[in-house]
Amino acid sequence: MLRMLTRLQLHPGMILLLIWFCHFIEDQKVQAGNCWLQQGKNGRCQVLYMPGMSREECCRSGRLGTSWTEEDVPNSTLFRWTIFNGGAPNCIPCKGRITCDNVDCGPGKKCKMNRRSKPRCVCAPDCSNITWKGPVCGSDGKTYRDECALLKSKCKGLPDLEVQYQGKCKKTCRDVLCPGSSTCVVDQTNNAYCVTCNRVCPEVSSPEQYLCGNDGIVYASACHLRRATCLLGRSIGVAYEGKCIKAKSCDDIQCSAGKKCLWDARVGRGRCALCSEPCPESRSDETVCASDNASYPSACAMKQAACSKGVLLEVKHSGSCNCK
């Protein structure tokens, strides 16, 4: 740039003035941020006053609650922070040193100062009233070290996560003590869950609600199927939509989009299954022995094999077929 200015034969003083002006503009870009009217109890800046403003300009008013953020972000991000995230992060108040004293993180969380001496809300559930100190089975089918560990996972992004029952997650309802009036049911993947049985189902208003169960029985609606599953204590599952038909093969059964008919030669019935799900990399402890007396790396791999053959395969037991 200096060469270009020299070629224009400008006065040396004018060249220095232009260089200073360019540096000034760059400094202004670096210092530009967003000015906010207050800092909320959650430690975030709230109520946007003016975007693209330096800290000096923002804090010049001397207003007690005025705060500033240095991030130069698009308007869409500012909108998301304001509407969905409770304000802008990394909030710097114009007056006073920010601490955790006035930060309200809400239930299950507490405020901690990070390495940059700024408050952050972290997951810290109150576990003082938990009497059971052993493992628990979560509603996601996973075993947690204890209820406190489950509450931390709930805080970190699983808001619907709940304790199903005490102890490790099981493959059978034996020794499962469900809380309250809930009942233990084994699902189609042989995992035990605690569910609340609906004793009354609404009247069927359309024949489109009929479902054919894997047991060959017609159910008036999904509610009626769930109720039967709950009372039976194990999963029945949906073979296909509509009333059950006397099918001689899968050619007689029409599956909904994305599903394929698998024939169960043992009972002479077909059922529709989702065959497009990819399988994650299997672990050594996921091997299963299937109803065709063949071992598969996982239940998912067994299902893929069933889909490719067009026959129904079910898990006989965990581990290789040679182990039992």
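Modeller: Let me start with Phe84, which is exposed at 62% relative accessibility (exposed means over 50% relative accessible area, buried under 20%, partly exposed in between, with a 1.4 Å probe and protein chains only). The model is predicted, so to speak of local features pLDDT of at least 70 is needed, and side-chain atom pairs count only at pLDDT 80 or more, while totals for chains, interfaces and linings use all residues. Residues are numbered from 1 along each chain as its sequence is written, and side-chain values use heavy atoms, with hydrogens and water left out.

Biologist: Where does Phe84 lie?

Modeller: Phe84 lies in helix H4, residues 75–84. Helices (H or I, at least four residues) and strands (E, at least two) are DSSP runs, numbered from the N terminus.

Biologist: Which residues make the nonpolar surface patch?

Modeller: Phe79, Ile83 and Phe84 make a patch of about 370 Å². Patch residues have over 30% relative accessible area and no salt bridge; nonpolar side chains (Val, Leu, Ile, Met, Phe, Trp, Tyr) are joined within 5 Å, like charges within 9 Å. The areas come from the Shrake-Rupley method with a 1.4 Å probe, and for residues only the protein chains shown count as cover.

Biologist: New topic. How many salt bridges are there?

Modeller: The search of the whole structure finds 8. A salt bridge is a side-chain nitrogen of Lys or Arg within 4 Å of a carboxyl oxygen of Asp or Glu.

Biologist: Which residue does Glu162 meet in a salt bridge?

Modeller: Lys154, at 2.9 Å from N to O. Glu162 is partly exposed at 42% relative accessibility, and Lys154 is partly exposed at 25%.

Biologist: And what does Lys303 form a salt bridge with?

Modeller: Glu277, with the closest N and O atoms 3.5 Å apart. That pair links distant parts of the chain, 26 residues apart: Lys303 is in helix H7 (residues 299–309), and Glu277 is in the loop between strand S16 (269–274) and strand S17 (288–290). Lys303 has 32% relative accessibility and is partly exposed; Glu277 is partly exposed too, at 41%.

Biologist: What about Asp292?

Modeller: Asp292 forms a salt bridge with Lys309, the closest N and O atoms being 3.6 Å apart. Here Asp292 is in the loop between S17 and strand S18 (295–296), and Lys309 is in helix H7, 17 residues away. Elsewhere, salt bridges that share partners join Asp264, Arg266, Arg271 and Glu314 into one network.

Biologist: Last one: in what order do the strands of the open sheet come?

Modeller: The order is S13-S12-S14, with antiparallel pairing. Strands S13 (218–219) and S14 (238–241) stand at the edges with a single partner strand each, so one side of each has no neighbour in the sheet. Two strands pair if DSSP finds at least two bridges between them; S12 (residues 211–213) and S14 have 3.
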